[in-house]
Amino acid sequence: MGDSELSAGPSSRAVYVVSEELASSSLPSNRNRSFLVHSLATALGLFKAVNPDNGQKYLRVLRPRRATTRELLVYHTRDYLEYALNPSRDYQDKSQIAEFGLEDDCPPFHNMHEYIQLVAGATLTAVDALKDDICDVAICWDGGRHHAQKSKASGFCYVADCVLAILALKKQPAIVTTDIDTLPATRKPRVMYVDLDVHFSDAVSQAFYNASSMASSQILTLSIHYTSPGFFPPSFLSDLSNPDDPAFDPFTLSLPLKAGASNRTFARIWPIVNGIENTFDPDFIVIQCGVDGLAGDPVATWNWCLDGEGSLGSWLGKMLRQWRGKKLLLGGGGYNSANAARAWAYLTSIAMGNPLPPDMDIPEHRTLPLYQPSFTLDVPAGNMQDENSEEYLLEVERRFQRVREALNFRLTCGTGSL
């Protein structure tokens with residue numbers, strides 16, 4: 001894939017949120033991953049790269065602030081925060097640990113209270129940069145914690161930064177809209193959340209799900225994921241969206257893919273996702289770029305790649321180039337830490353409008369040995385068979401054609417805006 005196909009355009013302005021505190025995060029599920037991610041970005045010279053057209057750096061680096069308790073209370077319950085943010089807890093009361101989800105995949109850990117405030121604060125720092133028109137694209141790879149519930153931790157996620165970001169963007173002043181057939185008008189800002197993690201975005205989707213309302217909505221969530229009995233997380237919302245279902249909400253959408261989903265399948269469904277964006281016409285797009293669906297991840301469910309038609313890189317390039325709204329790029333799952341670093345460095349370069357060649361060698365730096373055996377930036381496909389049949393993909397297309405019709409009806413004929 002050529003650089004011109006992926007370029008976000010010379011006018012793109014991007015910020016990257018990082019700090020030493022974030023890079024040294026001791027999150028149990030991803031120990032040292034954050035350090036690898038930001039170290040590779042540094043080694044690749046992403047923070048120093050200068051646009052020859054204007055002499056300005058492609059990326060502006062921002063240090064995150066810590067989220068305040070008041071900011072966290074916008075979504076989380078006071079009981080959960082009082083428990084999770086108290087550094088003096090000894091976490092010996094098993095009933096409370098279970099109540100707040102701090103067990104199994106979300107054990108308490110050293111400086112957990114600081115981690116919660118830092119991750120939420122990092123994502124909100126990126127949101128602030130978008131709201132203040134400092135940038136068109138804001139990157140926070142330490143964010144994207146899409147399983148954290150309102151009152152408990154879940155699925156390696158301790159804070160609902162995705163939900164907090166959406167709620168903050170929703171509060172922007174009214175947007176002036178223009179159409180060639182009508183006079184200028186104002187509307188509340190629309191926020192679209194797209195989740196590319198192999199796991200369903202249960203907590204984010206549930207936070208905004210409302211099947212009982214006939215009103216329009218400022219928020220639309222779309223999760224593209226894998227689901228099957230026993231695969232985390234269990235949720236009735238993770239099935240393929242069905243307009244005939246009484247529980248259907250056209251603003252809470254689900255597109256599950258079968259095992260082995262590859263570039264071919266993602267290229268096939270791109271027009272579906274693009275059609276939803278075109279219909280909803282968001283002013284802000286939050287993209288959760290979980291990379292546990294890439295080939296080589298221990299989850300071993302999909303066979304997605306970084307490069308080529310239908311790849312993760314191709315998708316992000318199109319989102320940045322073709323979708324008009326400001327974009328917030330968040331991290332998420334990814335349990336092959338070296339591949340997560342590769343992916344997010346590559347996506348960062350696309351967001352800068354200056355894509356790196358995927359076949360380039362990883363530069364010499366402290367963590368270079370972890371990139372063996374290839375020592376290159378690319379994450380190529382494995383040998384997994386793509387089980388997304390023509391029959392299934394045709395059904396997905398049929399369903400989402402009707403989803404678009406239902407969405408358009410609600411946007412144009414809804415009784416109000418939630």
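Is phenylalanine 156 buried, partly exposed or exposed? With a relative accessibility of 28%, phenylalanine 156 counts as partly exposed, where buried means under 20% relative accessible area, exposed means over 50%, and partly exposed lies in between (1.4 Å probe, protein chains only).

The structure is a predicted model, in which local features need pLDDT of at least 70 and side-chain atom pairs count only at pLDDT 80 or more, while totals for chains, interfaces and linings use all residues. Residues are numbered from 1 along each chain as its sequence is written, and side-chain values use heavy atoms, with hydrogens and water left out.

## The sheet

Helices (H or I, at least four residues) and strands (E, at least two) are DSSP runs, numbered from the N terminus. Two strands are taken as paired if DSSP finds at least two bridges between them. On this basis eight strands make up an open sheet with parallel pairing, in the order E2-E1-E3-E10-E9-E6-E7-E8. The edges are held by strand E2 (59-62) and strand E8 (252-256); each has a single partner strand, so one side of each is left without a neighbour in the sheet. Direction ignored, neighbouring strands of this sheet are turned by 15° against each other on average. Axes are lines fitted to C-alpha atoms, for helices over the stretch in contact, and angles run from 0 to 180 degrees between N-to-C directions.

Within the sheet, strand E3 (residues 137-140) and strand E10 (residues 326-330) run parallel and are joined by four bridges. Valine 137 stands opposite lysine 327 in E10.

## Helices on the sheet

Contact means heavy atoms within 4.5 Å. Helix H10 (residues 263-280) packs on the sheet and touches strand E6 (191-195), strand E7 (219-225) and E8. The direction of H10 makes about 175° with that of E7. Helix H11 lies across E3, E6, E7, strand E9 (284-288) and E10, and runs at about 150° to E10.

H11 (residues 312-322) is mostly covered, with nine of its eleven residues buried. Among them are Leu312, Trp315, Leu316, Met319 and Leu320, together with Lys318.

## Backbone exceptions

Most residues other than glycine have a negative phi, and most peptide bonds are trans. The table lists residues of this model that depart from these patterns.

| Site | Backbone value | Location |
|---|---|---|
| Phe232 to Pro233 | cis, omega near -5° | Pro233: loop between E7 and E8 |
| Gln372 to Pro373 | cis, omega near 5° | Pro373: loop between H12 (337-351) and H13 (390-413) |
| Asp281 | phi about 55° | loop between H10 and E9 |

Aspartate 281, with a relative accessibility of 27%, counts as partly exposed.

## Cysteines

A disulfide is a covalent bond between the sulfur atoms of two cysteines. Here a disulfide is counted as a pair of cysteine sulfur atoms within 2.5 Å, and by this rule the count comes to zero. Cysteine 162 is in no disulfide, and the nearest cysteine sulfur, that of cysteine 157, is 7.7 Å away. Cysteine 162 is buried, at 0% relative accessibility. Cysteine 305 is likewise in no disulfide; the nearest cysteine sulfur belongs to cysteine 289 and is 16 Å away. Cysteine 305 is buried, with a relative accessible area of 10%.
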